[in-house]
2 protein chains.
Amino acid sequence: MNSSASTKERILTAAEALFAQRGFEGASLRQLTAAAGVNLAAVNYHFGSKDNLVEEVFRRRLDQLNARRLAALKQVVGQPDATLEDVLAAFIRPALDLSHDGGGSLFMRVLARAFAEHDDSLRKFLSDNYGHVMRQFTAEFARLLPQLSKEELYWRIDLVTGALTHAMSGFGIIQRKSDVSETTHREQTAAHLIRFSAAGLKDAPGDWA
Amino acid sequence: MNSSASTKERILTAAEALFAQRGFEGASLRQLTAAAGVNLAAVNYHFGSKDNLVEEVFRRRLDQLNARRLAALKQVVGQPDATLEDVLAAFIRPALDLSHDGGGSLFMRVLARAFAEHDDSLRKFLSDNYGHVMRQFTAEFARLLPQLSKEELYWRIDLVTGALTHAMSGFGIIQRKSDVSETTHREQTAAHLIRFSAAGLKDAPGDWA
DNA sequence: GTCTATAAAGTGATAGAC
DNA sequence: GTCTATCACTTTATAGAC
């Protein structure tokens, strides 16, 4: 029953889809291995445990995603006339591209679930492994928005994060129309996200802070 | 082991807390009835099934929440000089108040989970029972933002929804400091949400739409 | 309305043959 | 590296005594 990919990769792909659809608790190893066309015992052989498999599902996509984000940010920071929109684009575009190339469109839904879960160990894993990315972007936002207090900036970045996660996990009311190409739709999505986020970030600071 | 509240109410309260913490699949009836101090069989006696219990957890809070939202919106629509911020406040403040009175602060986390779940039957339940509330608010936004195309407006409302859900479920980086009262913190949260959302909604429409 | 006991099925994980 | 078989346990739900 082996297709082209390795057993390990096929488990990861099937797990990503099932975690997106039914959650980490909701997706059982039996459903998962059946979908991947591999033996039940293969999960424990290759990953050790279900928890470890969950982490590997994140690692596979986030390593690539965050490398691309940091590369894009580096490009932007190099330019003296970089705008807030440029920094937002460096953060957003790589995430939208995920849904294009790797077939990893489901991964953003997995990520949205992880946010909603509040699971401490999972959050610690994400923070430990990818927190430095968020810190670099935050520093750049702070540089471009010096009029905002630290607290006000954190608040707004938090709200931007919410909007992005929501939009990128794709449960918005906006569906791509059949006469719009996938590429065009992704460009429009990026433009909406960047514009909306920039407007919220740039707004004058509140006078009550 | 009976405290003051009825068995039914105590199950609902325990279920809300556990669903927020461990998810709908992750929270078992055994954990739930143990936390409520009631017998395991009481869930099936009072609610028929776990799925039905989930719906009742939503109904208990959303009936009140949406009634307050519509009442607040009615007040706003009555005034000829109502602002976008007023409409946003009518939507946001009742949700923040939930965390104050009923001890229902956990409910917003349950709601955030429901959004991330993509569960069709749950989404249909929410849409069937509370969709009219969102439609009324959308109509008011459209009236106050006539420069936006229907598509652009829907996009922005969707992004606002993401920011609100994220913030109200309380997994932001912003925590209340010990020297800030609960009331003050809620006011600041509301101010941030309203200001940020209004800025994103009011931004000039894109020229590519 | 609340209880115990249990049915029937599902769960993650593992031992051991190949 | 892959398989079967199974362990030890948990799950929802229900039957029937009180």
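1. Start with what covers the buried residues of H7(B). The cover includes helices H1 (7-26), H4 (50-78), H5 (84-98), H6 (107-117), H8 (150-168) and H9 (182-202) of chain B. Contact means heavy atoms within 4.5 Å. Helices (H or I, at least four residues) are DSSP runs, numbered from the N terminus.

2. This is a predicted model: local features need pLDDT of at least 70, side-chain atom pairs count only at pLDDT 80 or more, and totals for chains, interfaces and linings use all residues. Residues are numbered from 1 along each chain as its sequence is written, chains are lettered from A and ligands numbered from 1 in the order written, and side-chain values use heavy atoms, without hydrogens and water.

3. Helix H7 of chain B spans residues 120-144 and has a kink of about 65°, centred on B:Tyr130. The bend is the angle between axes fitted to the seven residues ending at a residue and the seven starting there. B:Tyr130 is also buried, as are B:Gly131 and B:Glu140, among others. Buried means under 20% relative accessible area (1.4 Å probe, protein chains only).

4. Now DNA strand C. Of the 14 residues around it, A:Ser28, A:Leu29, A:Lys50, B:Thr7 and B:Asn39 come nearest.

5. A backbone N or O atom of A:Leu29 lies 2.9 Å from one. For A:Lys50, a polar side-chain atom lies 2.9 Å from a phosphate oxygen. For B:Asn39, a polar side-chain atom lies 3.2 Å from a phosphate oxygen.

How values were computed. Helices (H or I, at least four residues) and strands (E, at least two) are DSSP runs, numbered from the N terminus. Buried means under 20% relative accessible area, exposed over 50%, partly exposed in between (1.4 Å probe, protein chains only). A residue is near a molecule or strand if one of its heavy atoms lies within 4 Å of it. A polar contact is a pair of N or O atoms within 3.5 Å; within protein, one must be able to donate a hydrogen and the other to accept it, and residues adjacent in sequence count only if both atoms are side-chain atoms.
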